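The structure is shown below.

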Amino acid sequence: MSRKKLDILLEIELQVQEKWEKDKVFEEDAPPAGGNDEPKYLVTFPYPYMNGRLHLGHTFTISKAEFAVGYQRLKGKRCLFPFGLHCTGMPIKASADKLLRELQEFGFPPQFPETQAEEAPVASSEPIIVDKSKGKKSKATAKAGGFKYQWQIMRSLGLQDEEIKQFTDTNHWLDYFPPATKRDLQRVGLHVDWRRSFITTNRNAYYDSFVRWQFLRLKERGKVAFGKRYTIYSPKDGQPCMDHDRASGEGVAPQEYTLIKMRVVELPSALAALKSAASRPVFLVAATLRPETMYGQTNCWLGPDVSYVAVQSRRDEVFVCTRRSATNMAYQGILKKDNVVEVLGEFKGSQLMGVKLSAPMTTYQVIYTLPMLTVKDDKGTGVVTSVPSDSPDDYAALNDIKNKPALREKYGVTEEMVAVEPVPIIDVPEYGSLSAPSICQKMGIKSQNDKDKLTEAKEKVYLKGFYEGVLLVGEHKGKKIQDVKKTIQDALVSKNEAVMYQEPEKLVMSRSGEECVVALCDQWYLTYGEPKWRQQAQTALENLDTFHDEVRKNFEHTLDWLKEYACSRTYGLGTKLPWDEAWLIESLSDSTIYMAYYSVAHILQRNFDGSQGNEHNIKAEHMTPEVWDYVFCQTDKITKTSIKHDVLRKMRREFEYWYPVDLRVSGKDLIQNHLTYYLYNHCAIWPKQPKLWPQGIRANGHLLLNSEKMSKSTGNFMTLADALDKYGADAMRLALANAGDSIEDANFETTVADSAVLRLWTFVELVKELIAEMPTMRTDQTFNVSDKMFLAEMDLKIRESDENYSGLLFKEALRTSYFEYSNLFHQYRERVSVDGGLHKKVVERYLDTQVRILSPICPHVCDYVWRDLLDNKTSVLRTKWPESSEPQLALVKASSYLADISHTFRLRMKSAMTSKNKKVIDSSKNIEKPSHGTIWVAKSYPDWQSSILAKMEQMYVSNGNALPDNKVISQALAGVPDLKKYSKKVMPFAQTVRERVVLSGTSAFKNTVDFDEAQIIRESIGYLRETLELEFLEVKWTDTCDDDRIKSDVIPGEPFMTFTSAPHVVTSVINPVAHTALFSYLLPVFDQDCASRIVARMVRREKAIKPSMKISLYRYTDPVMGPRVIPNMSDILRGTELIKDSDVFVLKNDSIYVAGKPLGEKMLFLVSP
């Protein structure tokens, strides 16, 4: 990529952005009430968090909104794209506190100890399907990029130590990152009305007032309740242990398990010794993530060296588990006493081997405890259910103990205890009903020692089993696992066969040095899942455009499982609960209807945090709940307030005009939380006004960088600022549009961005070149066939681009509006180069429409071309989508036909020049290039093929507009007498027709094409002759051909070409003028040639000779002696005469004659000024 070309584009972008800023092209207000409202379009993007710079992943999602706005403006809509900046929550506060602690501990500048690689956690025996309400990786972890200390993370952002020190104050984060984000996005050329931007938290008193109003109304309507919720908790500190309180385990959340109760049928001596066990049921409790697999239990695993305790449950039962898990249970109301672990007895796992158990749901009446050496006490309860049909670990372990008598003898395990086989319970595509044995066999897993293979195997079968597996047993037989997992879990709990249990996903240590647990703590929460509210959300979803079926399915699934959600925190930044100010509203709960705030933000605040007030002297305290009620259409009555009524009406007008949100773009990972909360809360605040509910949500996958996941730790990462510096805005935008449209992960290719720089620079230069050529272009009133074909193709591509933009298919829009559009122009330019040249009106149409339809994606280059080169007075952003006529598809097909046959003929030419029999032809001799060609065109299909077409059309109609199987077609055609002598050709042709029907429908049965083939070829004969580098080319009908094969094989739409080489004499053509860089050339001269043909041949064959040169030919008056005379440089044409174009070259006896006189072996040419 040329840096010079990039610099030119960057300068264009800067100039264009300055004009936009001056003209305020992105600032939009609602039109006055009472008039005819023009159509509007409101698009939003989830405001990004302000603890770092934006990266390409953010930008990819933002681009979907950006392209949509650009398109909708062209369609005549008043468009608004506001952009907020999120600061609520723990990350900023936690990061500021970390910096302060690091200063206190390591000095300034901090001198950190050498870090050691963290020990990898012990893998669970069950792969974990990530909680749908969380991302795959905490944002804190992702932003850390492998750094241990917050100071190091800040340095990685390019900040110096003196600057970093200021970030110990949370306010500095709010002062630094929002303006930096705005600058980056302005460089992108984002169509954002920045007047409406704001930051969150109570530092912005206006937004704080808005969120308080929202939660007051939610509480009044019964959407907020108080109760116990699961949270990470420090028993030593006696309080929840949030991220900032942790010595390790930042970002770790509670993990939910199902605690399966396996009753001890016969007490072993270790348990029989407990007095409390004699009168109470005793259970070994196993924590599982897979309650749906309990149908397949064959045994229970214990760690022989693991320590277990017996504790009393709240239901007066005895549970056997590890002490660590018992501590978690104590803080979740599972044990008899809250927050206390009273140990009834303690013993090693080896003391509990061979114990008879009765387990829920299994087909075996009794199962036994068996030893598994890999069971640890730092995950789950230390008691593990065994399902060898679906768990590769269990299958390998069961085989090991069956095959190792010494191991069984060591722990007192008899053959009877292991006389079990895997039970088929789930059908998994690719792996069958016994997925674990199947994959172990495929991967060659022999024992538990194949740890790496087992890890890979269990991830494959479990994930596929969860998402695609179908249950084979029980009352839910035939249903998908992901649809019934929760139902089975609930049934186990309701029957007292299981208990819900949670523990930290990973080890969390508090700063007081103690391991944390999961506890049930008092919290305010939103009552998501409440039947009436859920039904409203379902209705909202039904009326929502999701653009992808998978997105709708993900919403449906989320609505099925989503229940109460904690909306309050005690630490971080944000808005305090208005009725209980000890709590802060957490970050996913203050960001559900803030899109409504966009409608009035520009009236209330002049800057991000509202500290500069507004022109109406409205204070935040003036925005009472009653005022917000009026503004957001909760009531039509204006409350008593000091705010002027006309200002209140203006705010309400803004909301009424812009709402609802027409499109919200987001990453697909937010469907499971933010986007579903977004639907719920709109239904709650405007329950009787569904017209104000969201209209469309466009979710996309993550963005890969060169087909690899973006990661700071691997170096495969790019910030928005980096991309802008490297490619500029428009080239980056083009590469983002090209990255992908589906719900799957997209791919930003740096090679595409690099090439986009060259493409856009070349486009600018092309426009300049075409404008310069316009005075010499054709201006006649009639269009030739090439003009007409290109005009038809433009009409078609404009229509296709319109559909693609409308469907938010921006990769497709880029294809039709730029890649294919520009290719068609260059194809047109090439075709008319030998037929009078470009037509001015056609070129003007191309430039005008190309700039408009590409402007949503590349607005800077397009606006520069539109205003500075095409001399329009206003921005292209203020123009309209181009009008287009109904595409003349026959002309489009004719153009495609012409492109196809020219390609086919070139291949045919190459084939004609290639030796087919190298043994016969001397490879040392060049094969002579053909000079003449004949194109054979069929008026219709041969009779036998016409019969097949008619018969197949008849079968198609009688079969309900579908062709029957080939066997049926073959039988039918075999009964046609005229086809017998073509028996070997019949079915191959029928198969070709079948394939054409799939592509073009019933037109495949036509006996001719939709246009006049011969006429199209004749009108394009000059182009075909030049592109094939032939001297002569003619068109003939196949019915005039003497070759029976051509008659029978050539069909409509697929002409055939034959080549010949005509006799000729090679003549030397010499330029007598010195110092012109034009020398002498050897050219063939044919019978009946003329001067203009020879000049055209020179132009075609010799790159140094340009089409614009005016060339004259001269012959020697004495063809023998003339060339031998020393040239007279003062009279270079002495002894020559001009060859007129009317003079005919005649080939006779291997010599050339001109105007009846011999030419000799040489002639001269002159280039006139």
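How do the axes of helix α26 and helix α28 cross, and within what distance do they come?

## Helices α26 and α28

In this predicted model, helix α26 (residues 785–806) and helix α28 (residues 840–854) have axes that come within 11 Å and cross at roughly 10°. Because angles under 35 degrees count as roughly parallel, α26 is described as roughly parallel to α28.

On the α26 side, the contact is formed by Asp 787, Phe 790, Leu 791, Met 794, Asp 795, Ile 798, Ser 801 and Tyr 805. Helix α28 contributes Val 842, Arg 845, Tyr 846, Thr 849, Ile 853 and Leu 854. By class, the residues of this contact between α26 and α28 comprise nine nonpolar, two polar and three charged.

## Helices α31 and α32

A second pair is formed by helix α31 (residues 943–958) and helix α32 (residues 966–974), whose axes come within 11 Å and cross at roughly 130°. This angle makes α31 oblique to α32. The crossing of α31 and α32 is right-handed.

Ile 948, Lys 951, Met 952 and Met 955 of α31 meet Val 968, Ile 969, Ala 972 and Leu 973 of α32. The contact of α31 with α32 consists of seven nonpolar residues, no polar residues and one charged residue.

Five strands build an open sheet in the order β33-β32-β39-β34-β35, and their pairing is mixed. Its edge strands, each pairing on one side only, are β33 (1080–1086) and β35 (1136–1138). From one strand to the next, the twist averages 40°. Strand β34 (residues 1110–1116) runs antiparallel to β35 and is joined to that strand by three bridges. Within this pairing, Glu 1137 in β35 is the bridge partner of Arg 1115.

Helix α37 (residues 1091–1101) packs on the sheet and touches β32 (1064–1070), β33, β34 and β39 (1162–1168). The direction of α37 makes about 130° with that of β33.

## Annotated domain

According to an unreviewed UniProt entry, the annotation "domain: Aminoacyl-tRNA synthetase class Ia" covers residues 16–101 and 170–747. In the model, the span of residues 16–101 is 44% helix and 9% strand. The end C-alpha atoms of residues 16–101 lie 46 Å apart.

Key:
Residues are numbered from 1 along each chain as its sequence is written. This is a predicted model: local features need pLDDT of at least 70, side-chain atom pairs count only at pLDDT 80 or more; totals for chains, interfaces and linings use all residues. Side-chain values use heavy atoms; hydrogens and water are left out. Axes are lines fitted to C-alpha atoms, for helices over the stretch in contact, and angles run from 0 to 180 degrees between N-to-C directions. Helices (H or I, at least four residues) and strands (E, at least two) are DSSP runs, numbered from the N terminus. Angles under 35 degrees count as roughly parallel, over 145 as roughly antiparallel, 65 to 115 as roughly perpendicular and the rest as oblique. Contact means heavy atoms within 4.5 Å. Ala, Val, Leu, Ile, Met, Phe, Trp, Tyr, Cys and Pro count as nonpolar, Asp, Glu, Lys and Arg as charged, and the others, Gly among them, as polar. A crossing is left-handed if the near helix is turned anticlockwise from the far one by less than a right angle, and right-handed if clockwise. Two strands pair if DSSP finds at least two bridges between them. UniProt positions are given in the numbering used here, feature names are shortened, and annotations may be inferred rather than shown by experiment.
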